[in-house]
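Dear colleague,

Please find the structure below, handed over for your records.

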Amino acid sequence: MNITACFNLTQEYWPYLMQAIAYVPKGIPVIVAQYGPGAPPKGLAPRVQVVRAQQFSQNYRRGYVLNVAVRRAETDYVLLCDAAFLFPRNFLDTVSYYVRPSQVLRFYVARLTKPATDKVLCGANWEALYSDYSGKNGTTHDLIYGANNPCVYTRSDLVNLGGYDERISGWGGEDDDLNWRGRKLGLIDFRAPVVVGCMNDNNVSRLPQYTQRKSPDTIKILQDKTRPPRANNGVWGDAQA
């Protein structure tokens, strides 16, 4: 399938992403946009391209960093991901079956517990652990939810939307905004019946750069129902860098 997986991260998330890349179906190119200092690890697979997000601010801007990766994708479809996702073996078949133009494809996510994440980081297959639900005295996952990410867009739809709104700092609000503008543009949401794993990353997500969610400025943007479907005036993802 003609698709690129686009990840965003800071240096602290590389241990998770190194595991996640192994679960990205073979043959799919991977673009990683890194925000902030630090060198990527050695020994990355040839299909992995690492690019630098150039514009730094006090707070992490997840949407901007994903835009940097999307700008460099050359495929018809783009898979938008966080660094801690683990994809099941049937993922690409599911995407190929359900994907449609003018449609946003979303999935379900199993939030892995710390013990299960530790096993995955040691090389265990998360699917082999999946049935051990922590709510029934198991240790694998404590929640399955319908998530905004990961998701699949056509690249042309993302271009028409101007990517994520780069005025939004932190994380969380950028998805809400992109979803709202996509619906205004006429895109249809569809949730495929497949579960993606999400590794426990509390030690990283508690760092100061990740703690800001939906700042007052972000809330103002989300409450503005007159904002156009296209963000950033067509200049996004380090287009001028």
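**Surroundings of Phe107 and the cores**

Setting aside neighbours within four places in sequence, Phe107 is in contact (heavy atoms within 4.5 Å) with Phe91, Val95, Tyr145, Gly146, Ala147, Pro150, Cys151, Val152, Arg191, Ala192, Val194 and Val196. Another core, of 25 residues, lies apart from the largest one and includes Ile31, Tyr35, Ala53 and Leu158. The largest nonpolar core has 46 residues, and those with the most contacts inside it are Phe7, Leu17, Phe87, Phe107 and Val152. Helix α1 (residues 14-23) gives the most to this core, with six residues. A nonpolar core is here a set of buried Ala, Val, Leu, Ile, Met, Phe, Trp, Tyr and Cys residues joined through side-chain atoms within 4.5 Å. Buried means under 20% relative accessible area, exposed over 50%, and partly exposed in between (1.4 Å probe, protein chains only).

Please note that this is a predicted model, in which local features need pLDDT of at least 70 and side-chain atom pairs count only at pLDDT 80 or more, while totals for chains, interfaces and linings use all residues. Residues are numbered from 1 along each chain as its sequence is written, and side-chain values use heavy atoms, with hydrogens and water left out.

**Cysteines**

The whole structure contains zero disulfides (pairs of cysteine sulfur atoms within 2.5 Å). Cys122 is exposed, with a relative accessible area of 73%. Cys151 is in no disulfide either, the nearest cysteine sulfur, that of Cys81, being 8.2 Å away. Cys151 is buried, at a relative accessible area of 1%.

**Arg100**

Arg100 is found in the loop between α3 (91-98) and β6; helices (H or I, at least four residues) and strands (E, at least two) are DSSP runs, numbered from the N terminus. Arg100 counts as partly exposed, at 41% relative accessibility. Not counting residues up to four places away in sequence, Arg100 touches Tyr77 and Thr154. Arg100 and Ser215 are 115 residues apart in sequence and 34 Å apart in space, C-alpha to C-alpha.

Yours sincerely
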